[in-house]
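Hi everyone, thanks for coming. Let me put the structure up, and then I'll walk you through the fold, the pockets and a few residues.

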Amino acid sequence: MRAKKNIFFIVLLLIFLPMNANSQQNNFPNGSTSGTTQMNPNVQPLDVPNISLQITNPQNGNQVAFSVRLLLILTILTLAPSILILITCFLRFSIVLDFIKRALSLQQVPPTAVLNGIALFMTIFVMWPTISTVYQNAYKPLADGEIGLEQAYKEAESPIRIFMYSQMSDDDSYIKMFMNMAKLDKPNTLQDVPTYVLIPSYILHELTVAFKIGVILYIPFIIIDLVVASILMSMGMMMLPPVQISMPFKLILFVLVDGWGLLTQQLFNSVLR
């Protein structure tokens, strides 16, 4: 019996060995090309540039000025968001636009990024004369080497201080408050107000003005909400959210009176007096 099994295995080997040899010679699957692991010599390698950083001592005044200018630019870029938000009218515009979005009972439309973009370009439009003055009196002379860094800072600070002080010309209570907290004498002119007092005073003033405008914007829409809620209560539809019914009416009212145009115009008038 054992001899029969050995003969059976030998016959199987004789049958399958030629088949395996033929399968190794033929490409699998049918019609495929033979592959190789060698790289094509016609392919050019990718040239990666070598980047090196060297720190050397300045040889003349121009190199020192360039280093200081580069450091100043990096510092301004780091503080640019805070400067844009705090010492311009961006704070007022962004808060009022967010108020009108909430007054209309809108949750996702328009997105916050869109409102911030609108506030940004409105700020650039309003602040363009101030920006042009800073460029002409501070940046351009500094880039041409006509004035020094300290003089350029004073020239850039002056128009921004004038803009902030002009917004608080009717109400200088915050300036007086910060001057009292700093134990400084009562100011008579803008020159008597330090910059570190003027900036926080301007920020609080802008917050106050923005909230006043927001309250005024809320009044007509609150009236619509109250009317709709009263009607629903009288009809016994207490389970139906009043906002779901009042929102279309508020949108219709806002579109009919050209709300975006009126809001933009009034915001500009509140700044460009």
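Helices here are DSSP runs of H or I with at least four residues, strands are runs of E with at least two, and both are numbered from the N terminus. On that basis the elements run α-α-α-α-α-α-α-α-α from the N terminus on, which comes to 9 helices and 0 strands.

A word on where this comes from. It is a predicted model, where local features need pLDDT of at least 70 and side-chain atom pairs count only at pLDDT 80 or more, while totals for chains, interfaces and linings use all residues. Residues are numbered from 1 along each chain as its sequence is written, and side-chain values use heavy atoms, with hydrogens and water left out.

How much of the chain is buried? I call a residue buried under 20% relative accessible area, exposed over 50%, and partly exposed in between, with a 1.4 Å probe and protein chains only. By that count, 26% of the 273 residues are buried.

Now to the pockets. We work on a 1 Å grid over the protein atoms alone: a pocket is an open set of points where a 1.4 Å probe fits, with protein on both sides within 12 Å along at least five of seven lines, and lining residues have an atom within 4 Å of a point. Points are joined across faces, edges and corners, and the volume is the space filled by probe spheres set on them.

The largest pocket holds about 1300 Å³ of space. It is lined by 33 residues, and closest to its centre are Ile-76, Ile-83, Val-134, Ala-156 and Ile-160. Two or more lining residues come from each of α2 (61–86), α4 (112–143), α5 (149–167) and α7 (195–234). Which helix gives the most? That would be α4, with 11 residues. For the classes, Ala, Val, Leu, Ile, Met, Phe, Trp, Tyr, Cys and Pro are nonpolar, Asp, Glu, Lys and Arg are charged, and the others, Gly among them, are polar. This lining then has 25 nonpolar, 5 polar and 3 charged residues.

The second largest pocket has about 240 Å³ of space. Its lining is 13 residues, with Leu-217, Phe-254, Val-257, Gly-259 and Leu-262 nearest the centre. Here α7, α8 (242–256) and α9 (259–271) each supply at least two residues, and α9 gives the most, with 5. By class that lining is 11 nonpolar, 2 polar and no charged.

Next, have a look at Glu-157 in helix α5. Glu-157 is buried and has no salt bridge, with Arg-161 the nearest side chain of opposite charge at 4.7 Å. For that, Lys and Arg count as positive and Asp and Glu as negative, with His and the chain ends not counted; a salt bridge needs a side-chain nitrogen of Lys or Arg within 4 Å of a carboxyl oxygen of Asp or Glu. What Glu-157 does have is a polar contact of 2.3 Å, side chain to side chain, with Thr-195. A polar contact is a pair of N or O atoms within 3.5 Å; within protein, one must be able to donate a hydrogen and the other to accept it, and residues adjacent in sequence count only if both atoms are side-chain atoms.

Last, some backbone. Lys-183, in the loop between α6 (173–181) and α7, has a positive phi of about 60° without being a glycine. Lys-183 counts as exposed because its relative accessibility is 76%.
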